Structures are given as C-alpha cells and as structure tokens.
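Here is a structure to read by its definitions. Each label will be set against its cut-off.

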Amino acid sequence: MKITAYGIREDERPYLNEWQEKNNIEVQAVSELLDSETLELAKGSDGVVAFQQKPYTDDIFSKMNRFGIHAFSLRNVGVDNLSFNALKENNVMLSNVPAYSPNAIAELSVTQLMALIRRIPDFQAKMKRGDFRWEPTIALELNQMTVGVIGTGRIGRAAIDIFKGFGAKVICYDVFLNPELEKEGAYVDTVEELYKSVDVVTLHVPALKDNYHMLDDKAFNSMKDGVFVLNYSRGSLIDTAALIRGLDSGKIAGVGLDTYENEVGIFEIDHEDQPIDDEMFNNLNARRNVMITPHAAFYTTNAVKNMVQVALDNNRSLIENGTSQNQVDLG
Ligand code: COI
C-alpha cells in the first residue's frame, strides 16, 4: 500500500514518520499543495491525504478516478472547499478529522476574548511608549458576562466548559440540541433571542449555504451595545462590511477572529514586504480592539499530531475496508 500526503510541513514530518514506521506503510510526503497538476505525484498510490484552504477543483477528482485512487482523506475538519458531487461522480471516498483538538480552537477563542476585555493590546501599546498609567484603560471581567455560543458541537462545547470555568453565564443556540445542555436549559429557541441577551457572541458552526453572512447589519443591530464578537469557524459567517460598520458605530466593542471571508491569498503568506490589497482586512487589522490570528487556532503540537495520524489511519481504512469511522457522508 502507498499513500501520498500533500502540503506536508516540517512540523508534521515527525508525526508522519512515526505513523509510517509503526504501520509499516509507505507514505510519500510532498510539500506541494494538491491540484490537478501535482496529483501526478500520486500516480501509483492507493490513497491521497491533504490539507489546504485553497479550493480542491473538480478535475482533481476526475484525475484521481483515472489513476485508480478512491480514498481521499483530509487532515482537517472543514469540507467546505470541495464538491461532494465531484467526489461522488468519480467514486472517491472522503474522510476528515472531526476532532483533532476541539480545545485548541476553544482555548484560542477564549484567550482572544480575555485579551480584549482585559485591554492587553491597549496596555501593551501604552507600556511600549512608556505610559504606565491605568486610566482610561479600564477592563471588564468575564465572570460578569453572558456568553452566547452559536454551535454546540465539539468545539462549541469545549468553549462552553472554559467560559463556565471563568464563571461566565453561557447560553447557546443550535439546530441540533446536545441532550446534556438541553437538560441544563442552556438553549434559547431562536438565534435572535441569543443576540439580544448576551455580551459576547461566539460562532462555532460550519459554513453552510444558509448561514452565509448570518452576522449582518440586522444581526449586529439586534445585539447589545458594546458586544464582543468572536469567529473561529469560517469567514463566510460574517458580513465583514457590516462588522466594520458595527465597530465604527461603537455597537461592537471588540472582535476576535481566526478567520476572514477573503482569507485565501492573505493568511499563511509572509506579507511583510508585500502590502495586502484588501481594504476591509487592512481596516480590521489596524484596530486595537480587533485581534486577528491567521486561521491558526488549530496550530498546536497536539492537534497537528492528531491531524496527521488520524488522517493516515482514515486513509488506510478507506483503502483496506472501503470505509472509515471518519468517512464523510456525501449524501
Ligand atoms: C479545519 O480543520 O477545518 C480548520 O478550520 C483548520 C484549517 C487551518 C483549515
């Protein structure tokens, strides 16, 4: 058996080598991202493993079919950058890694919120210029706040536990109810009810057609004045122009983002000598009450190890058994 793994970074190699030795299976690790040209490298392989934010174009899957490759495993959770129809038409099975580390994402979201409400970026800027006064940099306490968690899957639930550990009141909205949270009475019936009751809105839902720009002008206007908004899911959930209007008007007091709707071509690239040609992104990135990380919430040693090794386990299982416990239902 041979597996070709695309987009392999240096930090992934030790985990990949460990898996290869333990399983005695050849894994060809390539640093190139997967596209229809680089797929040539996988000729003769039984399966392909990949991880990238760049879209997977449909011709990749028709070529996989021609090469006799029917096992495709993502090292990440999101499946929004490929077409299920193209996979089905070409008889390619798909798996993902749904829980490489929900805490990795949840911990960064809470970290950014804490930094925002304790005014860390403001204090840092003042300290660096020698201004060691308290005023007017007064903070808020998380234990005094109500957090609205939208999406109560694995990541949302990890976030809820951490918020509760800080003493925050948490209320939730999801279309799929978690029985334990339901028993606690944690859910509100409508997202509108959540918007008007909370001090913080945090998004932990996958990107779907019907939640595109779910946070728009109307949603922001129905929130409390001085709300904090966090997005660690997908950029498409927020209408960025509306977010900027909310920040300008003071409706929104602070924003923590690990994703941005036009992030492909911006994140994961060194822009130090290359200005970013994106007015909305530059607007947000210049604000001290907006903390942005470049889709890096997943990037911990624990998560990376799981992404590599669980994806390889999944791919092996798709090849050997024609199924995997993390197989994605293509409908
Ligand atoms: C995912 O696992 O889907 C993520 O959002 C991580 C990522 C860098 C694509």
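The questions and answers below go from the ligand to the salt bridges and then to the backbone.

Q: What kind of model is this, and how are residues numbered?
A: This is a predicted model, where local features need pLDDT of at least 70, side-chain atom pairs count only at pLDDT 80 or more, and totals for chains, interfaces and linings use all residues. Residues are numbered from 1 along each chain as its sequence is written, and side-chain values use heavy atoms, with hydrogens and water left out.

Q: Which residues surround the ligand?
A: They are Phe 51, Gln 53, Asn 76, Val 77, Gly 78, Tyr 100, Arg 234, His 295 and Phe 298. The test for being near is one heavy atom of the residue within 4 Å of the molecule.

Q: How many residues of each class are in the shell around the ligand?
A: The shell has 4 nonpolar, 4 polar and 1 charged residues. Ala, Val, Leu, Ile, Met, Phe, Trp, Tyr, Cys and Pro count as nonpolar, Asp, Glu, Lys and Arg as charged, and the others, Gly among them, as polar.

Q: How much of the ligand does the protein bury?
A: Taken alone, the ligand exposes 280 Å², and the protein buries 94% of that. Such areas come from the Shrake-Rupley method with a 1.4 Å probe; for residues, only the protein chains shown count as cover.

Q: Why is His 295 called buried?
A: Buried means under 20% relative accessible area, exposed over 50%, and partly exposed in between (1.4 Å probe, protein chains only). His 295 has 15% relative accessibility, so His 295 counts as buried.

Q: Where is His 295, and which side chains does it contact?
A: His 295 sits in the loop between strand S11 (290–292) and helix H12 (301–321). Helices (H or I, at least four residues) and strands (E, at least two) are DSSP runs, numbered from the N terminus. The His 295 side chain makes a polar contact of 2.6 Å with that of Glu 263 and one of 3.4 Å with that of Arg 234.

Q: What makes Asp 199 and Lys 224 a salt bridge?
A: A salt bridge needs a side-chain nitrogen of Lys or Arg within 4 Å of a carboxyl oxygen of Asp or Glu. The closest N and O atoms of Asp 199 and Lys 224 are 3.1 Å apart, so the pair qualifies. Asp 199 lies in the loop between helix H8 (191–197) and strand S8 (200–203), and Lys 224 in the loop between helix H9 (217–221) and strand S9 (227–231), so the pair ties together parts that are 25 residues apart in sequence.

Q: Is each partner of the Arg 129 and Asp 131 salt bridge buried or exposed?
A: Arg 129 has a relative accessible area of 55%, so it is exposed. Asp 131 has 13%, so it is buried. Their closest N and O atoms are 3.9 Å apart.

Q: How many salt bridges does the structure hold, and which residues form a network?
A: The structure holds 19 salt bridges. Arg 9, Asp 11, Glu 12 and Arg 75 are linked in a network of them.

Q: Which peptide bond is cis?
A: The bond joining Glu 135 and Pro 136 is cis, with omega about 0°. Pro 136 is in the loop between helix H5 (120–128) and strand S6 (146–150).

Definitions and conventions:
A polar contact is a pair of N or O atoms within 3.5 Å; within protein, one must be able to donate a hydrogen and the other to accept it, and residues adjacent in sequence count only if both atoms are side-chain atoms.
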